[in-house]
Amino acid sequence: MRILVTDDSRVMRQIVARALRQAGYGHCEVVEAVDGRDGLAKVQEADPDLVLSDWNMPEMTGLDFLTALRASGDVRPFGFVTSESSEPMRAAAEQAGALFLIAKPFTAEAFREALEPVLG
């Protein structure tokens, strides 16, 4: 199983990968992207089973990334890992097709709760 982690912060991508391992998803291959535009390319290259994305990134935001994926007909599971966790942001994420939003700072348990219904 492959998970794409998209965040403009290399450190945050590493923190998310560590949280995935701690949540019991250490068997998954983590592919990294530096922003939404890079994420779109990595979706084509790596064909991940799940996309995790930050919201605020240069070049292409996470919401624009998700919107572009859905516009292309891509329906793979997508969730946000972001500090943007207000109700309007959560509603926008859901309306765009995100399955969940994990708010920073997060715990491994938050990842387990969000991913278990998606990945089993």
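Leaving aside neighbours within four places in sequence, lysine 42 is in contact (heavy atoms within 4.5 Å) with Leu4, Val31, Glu32, Ala33, Asp47 and Pro48. This is a predicted model, in which local features need pLDDT of at least 70 and side-chain atom pairs count only at pLDDT 80 or more, while totals for chains, interfaces and linings use all residues. Residues are numbered from 1 along each chain as its sequence is written, and side-chain values use heavy atoms, with hydrogens and water left out.

**Single residues**

Lysine 42 is placed in helix α2, which covers residues 36-46; helices (H or I, at least four residues) and strands (E, at least two) are DSSP runs, numbered from the N terminus. Is lysine 42 buried or exposed? Lysine 42 counts as buried because its relative accessibility is 19%, where buried means under 20% relative accessible area, exposed over 50%, and partly exposed in between, with a 1.4 Å probe and protein chains only.

Glutamate 29 lies in strand β2, residues 29-33, and is partly exposed, with a relative accessible area of 42%. Glutamate 29 is in contact with Met1, Arg2 and Ile3, again leaving aside its neighbours within four places in sequence. Glutamate 29 and arginine 2 are 27 residues apart along the chain, and their C-alpha atoms are separated by 4.7 Å. The side chains of glutamate 29 and arginine 2 make a polar contact at 3.0 Å; such a contact is a pair of N or O atoms within 3.5 Å, of which, within protein, one must be able to donate a hydrogen and the other to accept it, and residues adjacent in sequence count only if both atoms are side-chain atoms.

**Pairs of helices**

| Helix pair | Axes | Angle |
|---|---|---|
| α3 (residues 62-71) and α4 (residues 87-96) | 9 Å apart | about 20 degrees |
| α1 (residues 10-25) and α5 (residues 108-119) | within 9 Å | roughly 65 degrees |
| α2 and α3 | within 8 Å | roughly 35 degrees |

With their angle of about 20 degrees, α3 and α4 are therefore roughly parallel to each other, since angles under 35 degrees count as roughly parallel, over 145 as roughly antiparallel, 65 to 115 as roughly perpendicular and the rest as oblique. The contact is made by Leu63, Leu66, Thr67 and Arg70 of α3 and by Ala92, Ala93 and Ala96 of α4. Alanine 96 of helix α4 touches Leu63, Leu66, Thr67 and Arg70, not counting residues up to four places away in sequence.

The axes of α1 and α5 cross at roughly 65 degrees, which makes α1 roughly perpendicular to α5. Their contact is made by Val16, Ala19, Leu20, Gln22, Ala23 and Tyr25 of α1 and by Ala108, Phe111, Arg112, Leu115, Glu116 and Leu119 of α5. By class, these residues divide into nine nonpolar, one polar and two charged; Ala, Val, Leu, Ile, Met, Phe, Trp, Tyr, Cys and Pro count as nonpolar, Asp, Glu, Lys and Arg as charged, and the others, Gly among them, as polar.

Finally, the axes of α2 and α3 come within 8 Å, and the contact is made by Gly36, Gly39, Leu40 and Val43 of α2 and by Phe65, Ala68 and Leu69 of α3. The contact of α2 with α3 has five nonpolar, two polar and no charged residues.

Technical notes. Axes fitted to C-alpha atoms, helices over the stretch in contact; angles between N-to-C directions.
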